[in-house]
Amino acid sequence: MTTMTLGRTGVPTKYLPVLVTGCLLVAMFVVGGIRYEGFASGQVILNVFIDNAFLLVVAVGMTFVILTGGIDLSVGSVVALSTMISASLMAGPGWPPYLVIPLVLVIGSGLGLVMGYIVHAFDIQPFVVTLAGMFLARGLCYTIGTDSIPIEDPTFTAFAQDRIDLFADLWISPSVLIAALVVLGAVYVLHYTRLGRSIYATGGSEQSALLMGLPVGRTKITVYTISGFCSALGGVLLSFYMLSGYGLHAVGMELDAIAAVVIGGTLLTGGSGFLLGTVLGVLVLGLIQTIISFEGTLSSWWTKIFIGLLLFVFILLQRVFSARSRR
Amino acid sequence: MRRLLWPAVVLALLLLVNVFTPNFFSIQVRDGHLYGTLIDILRFGAPLILVSLGMTLVIATGGIDLSVGSVVAISGALACLQISEDAGVFTAVVLALGLSLLLGAWNGFLVAGIGIQPIIATLILMVAGRGLAQLITDGQIITINSPAYKVIGGGYWLTLPFGILIVIGVLAITAFLTRQLALGMLIESVGGNAEASRLAGIRARGIIIMVYAFAALCAGVAGLMISSNVSSADGNNAGLWIELDAILAVVIGGTALSGGRFSLGGTVLGALIIQTLTTTIYSIGVPPETTLLFKALVVTAVCLIQSPSFRAKAFRRRRRAVLPGAASEERVRVTT
């Protein structure tokens, strides 16, 4: 598979979906730059990162799960639960952030661990287990409180307003830095560790992975734990961004994350895909939002129709290319 | 029949919880209609049962349909828009159901024609369809005043709510088509192994497109019921997350998500379990904030009970716990 190349281009087939997404992204950016004044600037791209740092972190976790052939529907609710727990602990008992954030991360990972264990040990479909997890986390949010809780902690507000200046008037928020670290860490785990190889092997064929003596069960439990951790971290970043905890934050984010992963060329059946693709997928989703805000007159429903259309066009292209390369 | 045992037990248990709720089991005749909590469960559960029936056949072919919630919204929106523009109720219903069928066929085409994974193929319509519904209603909530349209979701016929009769009708037709004719076996064979069934001479493509169209049609009827019950169409919130409830109902009813087997009776039981759970939570006075928590717990419990490996593990643990006890008893007897 790795040696297979596509005709004259000389690009290994496995990189093709990522390449297609990259080209699509560049094309979108060029079209936007021609259509709208002030669109073609570095800060517009950085703003996409700033506004979607939490989605990026969540999508990284989702990539791990999807690579093993599973799916995690609970991420959006875990994000909301994390914002809710941190907001309520800091507003009520006045816990300091350096206690709250680790606690939130542990809770998120714990939820993922339990879901992963149930998926593996009792052989129940991930779709259903994580759906129950989604109800559970969303329910816990409402149990904590049904109203939005503002966050006034100085550390959180500092994180929210801080600008990290790059060259030439460009800047990013600290959240982007955290998200970038997560992406780098995840790339390292997926491509340079034993766990990463097990994840690809499990997703490729669970039966073969078992016969090869790989720890399939442990791998599965680990990816759900990673996804839970990423969701909790995404929740912390979202509370930096929103400066509030609310049970209705991040409704439907699981679908955004899945869409980003799929746009990035990762197969839902598992075993094939790259984190770079997921990053590009998040950028595509973010750029669509940016274009629509530049358009100005478009209503929110055109956003949804446009996202759906783009998803369709991309998947169609992916099918066409992969069908051709197989011949 | 053994497959229906566990869902039936769960439903019975859920109903038993309500023994102490006053008037829960009483059914009265008022104004020539049947009234009572049990009737309400059936009436409010009708859209979910319909959507789940369609979902069952889709899942039986090894697919999944995430777009039904959006189709519910689109169908309600189109019907209400037509009625608010003085079109006849019949025209409105036919147009809405026609559009639903078309959307379902589109899903089926993406899955069977182009070969996109079902979850993504239907995710496209789930996202875009919600936008489409808002486009039809122009982002507003369309309120209508049409007694004839109101009948679909809120009317009565032969003392029974009209919605229940629709469900019984659809269930009967589906059961006849799939269990009396060969169609059900064909669907199961496509879900078991699409390639093998194609080689056996089954037109898998046509069957897949048909089940998606059927699922969308069911969703369309459910959309009519929901919008007619409240006499308005809300493109944003109508049928929101009903696809998840429907998938849950199907799974609780004993149909595996991997396809190849389905149980219509189980699905109806599953949908009733979900609706009874919601009603029970209200009737025993659990605060509405914790509704989802209860739902999560019950869903987990039901899935665990149905999982063969969970039952095997729980059973083995019990036996292991019994054995040492029996052995020590033996030893005691020997020493005395």
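## Two domains in chain B

In this predicted model, the C-alpha centres of domain 1 and domain 2 of chain B lie 39 Å apart. Domain 1 of chain B covers residues 30-285, and domain 2 of chain B covers residues 291-336.

The two domains do touch: five residues from domain 1 of chain B and seven residues from domain 2 of chain B take part in the contact. On the domain 1 side, α11 and α12 (264-283) of chain B each supply at least two residues. By class, that side of domain 1 of chain B has four nonpolar residues, one polar residue and no charged residues.

## A closer look at V250(B)

Helix α11 of chain B also holds V250(B). Is V250(B) buried or exposed? V250(B) has 30 other C-beta atoms within 10 Å, so it is buried; the cut-off for that label is 20 or more.

Which residues does V250(B) touch, leaving aside those up to four places away in sequence? They are S52(B), M55(B), T56(B), I59(B), T255(B), T267(B) and G270(B). For a sense of distance within the chain, take G139(B): V250(B) and G139(B) are separated by 111 residues in sequence and by 32 Å in space, C-alpha to C-alpha.

## Where chain B meets chain A

Turning to the contact between the chains, 34 residues come from chain B and 34 residues from chain A. Four helices of chain B each supply at least two residues of the side that touches chain A: α5 (118-137), α11 (242-252), α13 (291-306) and α14 (308-335). The largest share of that side of chain B, 12 residues, belongs to α5(B).

What classes of residue make up the side of chain B that touches chain A? There are 22 nonpolar, nine polar and three charged residues on it.

## Helix α10 of chain A

Over in chain A, helix α10 runs through residues 216-242 and has 27 residues. How does its length compare with expectation? At 1.5 Å a residue α10(A) should span 39 Å, and its end C-alpha atoms are 38 Å apart, so the two values agree.

Just after α10(A) comes L243(A), which takes a positive phi of about 55°.

Definitions and conventions
Residues are numbered from 1 along each chain as its sequence is written. Chains are lettered from A and ligands numbered from 1 in the order in which they are written. This is a predicted model: local features need pLDDT of at least 70, side-chain atom pairs count only at pLDDT 80 or more; totals for chains, interfaces and linings use all residues. Ala, Val, Leu, Ile, Met, Phe, Trp, Tyr, Cys and Pro count as nonpolar, Asp, Glu, Lys and Arg as charged, and the others, Gly among them, as polar. Domain bounds come from an automatic or database domain assignment. A residue is buried if 20 or more other C-beta atoms lie within 10 Å of its own, exposed if 12 or fewer, and partly exposed in between; C-beta atoms are placed from the backbone. The expected span of a helix is 1.5 Å times one less than its number of residues.
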